[in-house]
Structure formats: C-alpha cells, structure tokens
Amino acid sequence: MCWSSFSVNPYGMSWYRRFSENNVDLNRNCMLPAELAEMLVNPTTEIYTKHYEVLNPPVPVPEMQFDFFLFQSLGLLLRYGFEGMKQATVSGQYLYPEGLFFGGRALEENYNAIFKFLRSQGISNESSTLKRFFFHDIHTGLGPWAHDSVFVMEAQCFDSMKEILKGKKGPGWHLENIKQQGAKGTAYTHHGNVLEGFKAYLCPEGCEWIACSEEFGTYS
C-alpha cells in the first residue's frame, strides 16, 4: 500500500505559517499522550522561559520605537553560543500557547484524523500483518539554497537510507543522523517530531521501520 498526504496542516499552507490554527507546531506535537503529559509536567524550557520576550517580542519588531531586538539576540548568541541558542529555541516548548514552537497540550485533530483513517486501512501499532513501514516526510526550509538534506533519527534508518540512496551521487545533498549530530548539524533534536511520533502510533513491534525527513533548502 502507498499512501500520500499533500499536507497535514492546511491552515499553515493557507497562511504561509508552520503552526496550526491553535498556534501548535505540528512537528512538536506528534507524541503519545503519556509523553505529552510528561512534557507538561517537566518542560525543558529554561533558556526559552528566561528570554521569552526576546524570542517572542510583544509587538512586531519593525514597530518597536527602539529596536533592541538585534542587540539582545546578539547578546544571547554570545552567552549561549549558536548551537545552544538554536537548540533552546527550536526544541519545542509546552508552557506558552502564544509562543514560538508551542507543541500543544493534546494531540492536534490533524493527527487524530490521519491516524483514524490509517487505522481503518489496517495500519496501526496493533497490526499483526504489517511487516515493513517506509515513512517519508518532506519539508522546505532547512539547509543552504537548493540543497537536499535527508534526516533520520535512528542508526538503523541511517543504514537503510544509505543503502537506498547509494546510487545518488554528486554534491547538493547529504544524509544526516539528527540524534548523532544534534544542533551541530544542519538540523537539531526536538520533542514531538513526526519521525518518532508516527513510529509510536503506527509501527507494531517486529515491523521494520524506515523513516526520513527530507528538507529542500530555501535559505540563501
């Protein structure tokens, strides 16, 4: 079976935003209820909380009478380093519903609808017939302009994707293990990501799981 979804976030597609109509970042929201409950009790947002107003200015930056945003941001970079600030900002937070990278407080209806449909097709973590699952998540954004980055979260997925892509040659792309590279790489680790979330909801024990996120760089 091959199933394709153009987008899990129609609101974001309509308004050119990464979050849902509830200001939830869907790539910080995809986790089991017990994991989400744990994030609400033990959030890992110390730096984010301490510098909330720098990361989430109360008014649009151009409207500030005295624009200290760039100076404050530079100060944070000098204090925590680029990798530290990058990880603290984008890893996902669950305390501030109006803030950047808010992961929500319950699984968004977008995912509920997808998982309900897939269960109706016999695809779930309770399936006794599912033997192999290939999950391909496609984004634009991260990485240099026109560069193709293929990200995985597990060593076995890295090996599987390396074998699948062995015929792909030349510059302009790379394969990266996010868990291994962390913020030192092109990407970063974050809570509620779709690679781990879809595996938890859909992949039964004993099923071969191959998953990657592919990013086409749009930054120049």
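The model is predicted: local features need pLDDT of at least 70, side-chain atom pairs count only at pLDDT 80 or more, and totals for chains, interfaces and linings use all residues. Residues are numbered from 1 along each chain as its sequence is written, and side-chain values use heavy atoms, with hydrogens and water left out. The chain has a mean pLDDT of 90, and 96% of its residues reach 70 or more.

The structure holds zero disulfides, a disulfide being a pair of cysteine sulfur atoms within 2.5 Å. For Cys203, the closest cysteine sulfur is that of Cys207 at 3.9 Å, too far for a bond. Cys203 is buried, at 12% relative accessible area (buried is under 20%, exposed over 50%, partly exposed in between; 1.4 Å probe, protein chains only).

Six salt bridges are found in the whole structure, each a side-chain nitrogen of Lys or Arg within 4 Å of a carboxyl oxygen of Asp or Glu. Asp25 pairs with Arg18 at 2.6 Å, N to O, and with Arg28 at 3.9 Å. Asp25 is buried at 3% and Arg28 at 0%, whereas Arg18 is partly exposed at 45%.

Another salt bridge joins Glu208 and Arg132 (3.0 Å, N to O). Glu208 lies in strand S4 (residues 208-219) and Arg132 in strand S1 (residues 132-144), so this pair ties together parts 76 residues apart in sequence.

Definitions and conventions
pLDDT = per-residue confidence, 0-100. Helix = DSSP H or I, 4+ residues; strand = E, 2+ residues; numbered from the N terminus.
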